[in-house]
Structures are given as structure tokens and as C-alpha cells.
Amino acid sequence: MLKRLHISATEVALVAALLLECIYFSVAAPSFATWGNFFEIVRFSVELGLLVIALTPILITGGIDLSVGSAIGMTAVLFGTMWHDGHLPIAACVGLSLLLGLASGGLNALLIAGLRLPPLIVTLGTFSLYRGIAEGITHGAVSFTGYSAGFLHLGQGYFWKLIPVQLPILIVVLAAYSVLLHKSVIGRSIYAIGFNAEGARYAGIPVRKRLALLYVLSGVIASLAAIIYVAHLGLAKSDLGTGYELQAITAVVVGGVSVFGGRGTLLGSMLGLFFLSVLQNGMHLMALPSELTGVLIGVLLLAIVAVDRLRSTGAFKVTAAGVPLWKRPAFAGAVLVALGVLGTLLFHAAGHRNGAAAAGHRLTIAVMPKAKGDPYFISARAGAEEAAKELGVDLIWDGPTSLDASQQNELVENWITRGVDAIVVAVENKGSISTVLRKARAHGIPVLTWDADAELNARDYFLNQATPVGIANALTDEGARLLPNGGQFAIVTGALSAENQNEWIADIKKRVASDHPNLQLATIQPSDDDRDKAFNQTQVILKAYPQVKLVVAISAPAVPGAAEAVAQAGRTDVKVIGLSLPSICRTYLHDGSVQTIFLWNTQDLGYLTVYAGALKAEKKIPAGAKSVHVGRLGDLEINGSEIILGKPLLIDKNNVDSLHF
């Protein structure tokens, strides 16, 4: 029967592993075993699934396409530009975007099939080219939002309040590719090319035409995925699709497509996709760290590639005819790999759940930082854990490891499915996340934001560490004090798309114009909340703008990065101030590389996220209240729908040693 259905050993192993995943998560993860969650897994798999479908035949030929993720970003930006700036109808934007995909895929096809250049090198080049075009158009900062409800329905809507609207698109594309790959002469030639491209050429197969077709289709499918992605997030920006090419290739390889070409099926690739999607969804519902997913997937991928390599070299060769499927070493290896990964998952998950199970049912407050590795948010987490312990609530602290609006959306969706009692988010892009936050509120989950705000109707309260005007005025007035005769200054921000930092910059410009006209802003450079990049950007500023006498760094890691650059350049005439943590600026404040930093107590802000979330979940913040009592923080002012932590604190060498955050 297996032979008649053409089901491979790897596919059987994946089905078994997928069933084990589902059984385990059904028992261990809250709300996993529901139709709603099943279709949410499918919905979040559509864009990636389209890429998986397109890449399967390419990898079967022994090729690769690393440009699909960047093609998503480029298409998304040009789609947004055509709609927002060109004022074209959505239908025209969709059509032109698909033509753009045809052109981007055609470029890969021309270079790979026409000029016979290596696919790895070609698509690595177009990977950079397409992302560079997207970032060049938007300068890495502009994003396009405000799409019509009809277009957003494509990515956010449901049939019968359950089945995602974009699912039929995935099914149609899958069916078309299934016919192409498994039911046509073209499909058979694709496998022949993967086994031996030169032999296929001598056999009369038009190898170059077949390869060109696959890369052109890959470009079109990537653009289709981009359109759905924009509708899904309600946002078009240059970094959409980042990392998608690697995720898609991982799913294809996990699904049994040989990295050496000549073997694999669409069924296996889709099983690989859903194996990884279910794994990620289940772990999010269990509130396990997102990083663990990457570790497990990495182990799985390495093991599968090793098994594939051993099989291709004959290490798993079976000489006896008629050996049953379950006795074949390759099958056993695949099953052991899958079970090993799941065993590791069970071990970690069991330890995690046993630590929280004894307390019984308690409030669960889900708090999301912008980036888990940022020292600012690491410091805030200590305060959040303090409040959780004090109140006796369960804290879920999870978020992207780098600035990524799409990952924030996905986590919120999973928290809605889990049914947490409150969601508190440090927003990366309000145009993207506000839709899913409104969905959370519609499900009766209180929503609060912190560090950066969402749209007003997407949350209940914004936990404001300090007003943007207060931050801007403090920084600008300190800069004017350090440069009493005026002069040029530069700003090193975090991400150019960070809306809270852009608001601070706008208020700095206003303060300069109204109170300090002798100060001139020379340039604004991004650090992407990375210390090393801030160091490099400050070096560039010092060379390109030698008249700059002040660097204002408004991202926590950017201050020590800028200070290090100024110190290494020997520019004692250049002052450095900004927003940062005393713990990472202490040395620079004492040696004079940094003059002043401003910040609020980040541990207090983290404490506020959990405490306010719990108060709102228990309906203990009366409507129209002017203040609220927040544990050890005392009574905090409520200004409309904002809970104000306080004014920025000036930190210099005189008080930095007394601050421990």
C-alpha cells in the first residue's frame, strides 16, 4: 500500500512526528486542540507555505533561491508606494506587484539558466539587491499603512468566522505545483535534472528552459506571498520577509527534499512546514522561550542533512530485496531524529510546566518587549518578575530577539488563543500590531502598551515612562547647556522606523527651533539598537561631519557605542548624551566619554507592566480615574488613557553609582 501511494519513509516519519506533536500539545498546551487554533496555524503558514511550494522543485533540481525573502520586502514596499504615493487602485497594485515578481524571478532565471552562473551566488546577490532596493525606497524608516478594509480582509478575514480567507490561495497554488511536479513531463524532467543535470541535457531535456521556468515562478510566488503578507499585517515596510528564505528552505529539507537534488515531494515539504509550524505554535502556547524553537529546529535540520548525506554516500545501502519500510535504516534514522527532537521538547516543557503547576489557576499576564536581548528590556524584566511574585500571578515574558513587527503579531495571536488574562506590549510598529491588539480586546482580553504606543482604539492604557515632550526637552536643554555657544549636533537613534523615537526626534526639533536656535541638527543615523552599529555610525559622523560637537544617542545600546567611538577618535571636544541604562554607561560617565544620560527607572517600568496588567484584568482601574495605586510605586497619575510613570531622571558621574539598573 505504501508503495502504491508513493509515500516515502521520511514522509511516514513526519506524519508520525506530527501526530506525536499534536497529541502532546493537546494535553500540555492550553487551547491547542481547537479548530480555531488549527486554522490560526494554517493562517500563519500561508506566506511561508507559498515559498515552500516554490522552492521545492528548485531544490529538487539541486538549486536554491535565497532571494525570495528579499523579494517579499521589495514587492511589499513597491506595492505600498504604488498605493500610497501613486494613488493606484488596489487591483492595479496587485497586478503590477505580480509583474514585478515576474521580473525579479526573470533576473534570477537569466543569470542562472541563461548565463549558467551558480544559483547560490546569483540568488545571494539578488538577495542583497532586492532588500537594498526596498531599504533605498523607504530609507529603512517609511512604512505604508491605512489600507482599505476590503484589502485587509484578504489577510485578516475568515470564511464563517473560522477558515482564513487566504487559505484557498495556498490550496490553488499547491494543486497547480502538484500537477507541474508530479503529474507532468516537466516534473519528470525536474527530477532528472536533480539526479544528473549533464545526463539530462544529453538525453534531450531542455535543462535551461526548465530551470528558467522554476525561478520565474518562484519570483511570482514570492510577490503573491508579499501581497498576502501586507494584507495580513496591514503594513508594508522594507524588512518584511526577513529570514523567510531560510525558514522555507528548512521546511523543505525537513520534509525530505535532498539538498543534493533529485529527491523530494510537495507532500513532504508541506508536512515539514506544518511540523515546524505546530512546534512553534505549541511552544508559544506553553509560554516556552522562542529561542528554544530555533535550537530544536537547528538540531533537527543538521541531523536530517547528516542522514541524507550518509544515505547519498551509501552508508544506508540495503542490499537485500524486499526489506520492509520500517526496517530500512533511513526510515529508522528519520524516526529517531523526529523522536529525539520531540523528546528534548518534552524534557524542557515538563520542567517548565512542573515549576508552575503547583500554584493552581492564577492570573496570567503576558508581557512583550520589543527585543528580548536589549539591555533596556532585560533590566525591565527584573521589575516585571518582582511584581509577578508580589501579586502571585504567572508572567509570560516573550518577544522577538530583534526588532520584528511580524513576530510580535504572531505572539499576540498565540496569546489570544491561549486566553491570557492581560497583554502588555512594547510596540515596534503601531500600524502593524494594532489590528491584532483590537482582536485581543474583542476577545475580552485587556490590552496595555508600554515603551511605545499602539493606536488609541487598540489598547486600554499606555504605560508612559515619560512624555515625549519631557524626554525631548530634557535632552535638548542638556545639549544647549553643554554647547553654550551653539554648534552642530547629531542624533543616533535606534531603528529609523521606531515610532516612539521618531516622536522624540520631532519634539527635539521643535525645542531647538523654539528655544535653542543656535543648535543645528547635522544628521540622524540609525543603530538598530545595536552597540557595534552605533559605534560604526558615530565613526562615520565624526568623519563626515567634523563640525559636530554633540552626539545625542536615544537608544540604550547606542550611548556606549557612540562614547567608545568618540573616545577612540580622541575627540575630547565632542560630548555624548542620551537615553540609556546607568549599568552600561557607568564607566563612560566616570571617564568623561559620556556627560549625561537620562532615563526612568526601567525596573519600575517593568514592575508597572505586570501590576497595571493585573489591575486591569481584575477590573480595579475605575473608568475616568485620575490616579491608580501601583504597589511600591505608590499613586501614579492617569492622564486620559495614559498611566504616567514619572519624569526622566538625569544621571551623571555624581549619582550613577547609586543606581542599580
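Which residues in α3 meet which residues in α13? The contact is formed by Asn37, Ile41, Val42, Ser45, Leu48, Gly49, Val52, Ile53 and Thr56 in α3, which meet Leu266, Ser269, Met270, Leu273, Phe274, Ser277, Val278, Asn281 and Leu285 in α13. Contact here means heavy atoms within 4.5 Å. By class, this contact has 11 nonpolar, seven polar and no charged residues. Ala, Val, Leu, Ile, Met, Phe, Trp, Tyr, Cys and Pro count as nonpolar, Asp, Glu, Lys and Arg as charged, and the others, Gly among them, as polar.

The model is predicted; local features need pLDDT of at least 70, side-chain atom pairs count only at pLDDT 80 or more, and totals for chains, interfaces and linings use all residues. Residues are numbered from 1 along each chain as its sequence is written, and side-chain values use heavy atoms, with hydrogens and water left out.

The protein chain contains 24 helices and 16 strands. Helices (H or I, at least four residues) and strands (E, at least two) are DSSP runs, numbered from the N terminus. The radius of gyration of the chain is 27 Å, close to the 26 Å that the globule rule gives for 661 residues, so the chain is as compact as a globular protein of that length. This radius is taken over C-alpha atoms, and the globule rule is 2.2 Å times the number of residues to the power 0.38. Along the principal axes, the C-alpha atoms fill a box of roughly 85 × 60 × 50 Å. Of the 661 residues, 54% are buried. Buried means under 20% relative accessible area, exposed over 50%, and partly exposed in between (1.4 Å probe, protein chains only). Among contacts with a separation of 6 or more, 75% are accounted for by residues 24 or more positions apart.

Two packed helices are described by the angle between their axes and the distance between the axes. Axes are lines fitted to C-alpha atoms, for helices over the stretch in contact, and angles run from 0 to 180 degrees between N-to-C directions. For helix α3 (residues 35-60) and helix α13 (residues 266-285), the axes come within 9 Å and cross at roughly 140°. The arrangement of α3 and α13 is therefore oblique; angles under 35 degrees count as roughly parallel, over 145 as roughly antiparallel, 65 to 115 as roughly perpendicular and the rest as oblique. Phe38 also lies in helix α3 and is partly exposed, with a relative accessible area of 42%.

A second pair consists of helix α16 (residues 375-391) and helix α24 (residues 602-617), whose axes come within 6 Å and cross at roughly 45°. This angle makes α16 oblique to α24. The residues of their contact divide into 12 nonpolar, six polar and two charged. Tyr376 in α16 is one of the residues that take part. The C-alpha atoms of Phe38 and Tyr376, 338 residues apart along the chain, are separated by 36 Å.

Two asparagines were also examined. Asn409, in helix α17 (residues 405-418), is buried, with a relative accessible area of 4%. Leaving aside neighbours within four places in sequence, Asn409 is in contact with Phe44, Leu233, Ser432, Ile433 and Val436. Asn464, in strand β7 (residues 461-464), is buried, with a relative accessible area of 2%. Residues up to four places away in sequence not being counted, Asn464 touches Glu642, Ile643, Ile644 and Leu645. Asn464 and Glu642 are 178 residues apart in sequence, yet 6.2 Å apart in space, C-alpha to C-alpha.
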